[in-house]
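Trainee: I would like a close look at a single part of this model, the place where two chains meet.

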Amino acid sequence: MTVDNKDRRLERIDRGIKVRSDGVYAISSWLEMSYLVAPRLIFILGLLAAPVLLLPVPYWQKVLSIICMYSLLAISFDFLANYVGLVSLGGGFYIGIGAYAAALLNMKFGLPPIVTIPAATVIGAIICTVVFLPCLPLRGVYFAIVSLMFPLLAARIIEALDIFGGTDGIVGVDGFSSPWIEQYVLILAVLIAVFFLRRMITEDVGLVFSGVKDNDQAVKASGINITRYKALGIFIASSLGCFGGAVLSHIYMWAGLSQFALDFSIIPIAATVIGGGGTLIGPVIGCLILVPVSELLRDFGTLRIAVYAIILTLFIVYKSEGIMVFASRKYEQFERWVSI
Amino acid sequence: MEILIYGVINSVTLVLMALGFTLVYGVSRLPNFAHGALYVVAGYLTWIFMNRLGFNYGLSILFALVSTSLIGAAMYQFVLIRVRGMPISEIIASYAIGLAILEGLRWGGLKGSTFTLPPFIEGSIEILGVSVDFQRLLVVVIGIIMLGLLWVFVTMTKLGLALKGMAQDERAALTLGIDSDRMAVVSMALGSGLAGVAAVTLFPLGNIVVEAGYNVLIMAVAVCIVGGLGSWTGAVLAAFLIGFAQILTVVYLGAHFQVVVALVSIIITLVLRPSGLFGRQKELEERV
């Protein structure tokens, strides 16, 4: 039986348990506490247990590393786009800078990965921030286009000047001593990034960030330097990307032009759109879906890029809220029809 | 002399590449990042019509142009119309469609043998001591004809005037009974058709490859940004600026730097003057 939608509408109401666990009643019973803790615990424990569960299939352990690497990038994209208001399409730039920095530190100075990764993260983030500094007054589409150009430009310049190994890249970078270190370094980085950023956006700094996003003139009028905050946002985001790049160059034992590739700019965006922008966990979920799909399609060559481009289009057009927003709505609210 | 002649040819090439992009952006404020994909599609369709279905060259060009326009219109009508007015979603959606088309073609169509289109007229001619083949001359001629036709179209015909009205003030155009979505579809169709014209004119100079799609997109974006998004005079002037700059770098620095010039010019323009040389966007909209 079909009911005419003119006489009724869908009403969404918070679940009782959600309302109770919002306040001090959260600690009133195990049920409320587990309602709060369960989703987070599943996420954390699931990620921590993944390498052990994937032990029988070493190939998928490798994929897990890649997933985490993309997750870092996607988190940084989500943070920049939805909390600082800078849509950066140049994820490949962060990865490339981080990878080259780590590879150069390793090859030229013979430093071990435990030094090169943090060093490359900081140095890479500083380089990215300085390079993006002149573009920070831009906003919206203009910033997006400039940031899209940077990885392309970096790759072309390295190719044209034939520096850093030119088109061959830097070969012979040290690998990790065991695959466990490689995976847990990345997983811990993802967890720390997610929960650190989630905490940060509710602090004062986060408030200024969202002010910059929503109404930069008002922030300016309050005597706060917008450019400094945007630079800080870029620094945080690019340090995530550079960390991923540094680890990547040690995983592949190689740093090359393909680390500036469009893949690193597109997959994080697709993951953020699919997972749900503005949630910070959504991008990780998006990566958990997208990267395995693209691995399964590896036999089909470039078709996989076409596939995730289509998935991305469908999501952005028909389900732009993303999985995470949808899921948390279902988790926190129930729906009922009311007549009007 | 060589620099002058090839500079002009290169500049007109850039004009051809960018015309469709700037038309669509000018009318509907939609940055059509699938422009490069449409360009490759037009070339590929021409090849299919000619070599697989056995039409003659002229007819297959005609069919390819029509079908490219239809693809562009369909893309707007069925997908992009839903994200209209959300600039970032527009970019991501159109770029994703372009990516899907290009990489799909790389997987399913353009592989194995090389795909080439024959030049319209064989042979070459000497102009002031520089030998230029007819196809390159035709590029210049077609570029000028296309500019002329477009000018006639937007100043003389009712549809063209409606498009111009939309570009200048969408609300005022709406009050005059111009359907903004229909006009956007028309502009997409026209823009895709222009990408197709560029494709059939330029592809005979080389092979039909997927990479051309990305290059054309970068060039079109570069020209439009340097010239100011949505400004036609700006686009033409910027095309000449970048065109000559490219030829000069090729002559004095080496072919590797050709794309670098375009990218650097985008970044410099955006940082110094985001509305471009002739843009009319409000200063406040684009920077703080």
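Trainee: How many residues of chain A are in contact with chain B, and how many of chain B with chain A?

Mentor: This is a predicted model, in which local features need pLDDT of at least 70 and side-chain atom pairs count only at pLDDT 80 or more, while totals for chains, interfaces and linings use all residues. Residues are numbered from 1 along each chain as its sequence is written, and chains are lettered from A and ligands numbered from 1 in the order in which they are written.

In the model, 38 residues of chain A are in contact with 33 residues of chain B; two residues are in contact if their C-beta atoms, placed from the backbone, lie within 7 Å. On the chain A side, at least two residues each come from helix 6 (140-161), helix 9 (216-221), helix 11 (263-275) and helix 13 (303-318). Helices here are DSSP runs of H or I with at least four residues, numbered from the N terminus. Helix 6 of chain A gives the most to this side, with 13 residues. By class, the side of chain A that touches chain B has 28 nonpolar, five polar and five charged residues. Ala, Val, Leu, Ile, Met, Phe, Trp, Tyr, Cys and Pro count as nonpolar, Asp, Glu, Lys and Arg as charged, and the others, Gly among them, as polar.

Elsewhere in chain A, the axes of helix 3 (residues 58-84) and helix 7 (residues 179-200) come within 9 Å and cross at roughly 25°, the axes being lines fitted to C-alpha atoms over the stretch in contact, with angles from 0 to 180 degrees between N-to-C directions. That makes helix 3 of chain A roughly parallel to helix 7 of chain A, a term for angles under 35 degrees. The contact of these two helices has 14 nonpolar, four polar and one charged residues.

Note on methods. Parallel < 35°, antiparallel > 145°, perpendicular 65-115°, else oblique.
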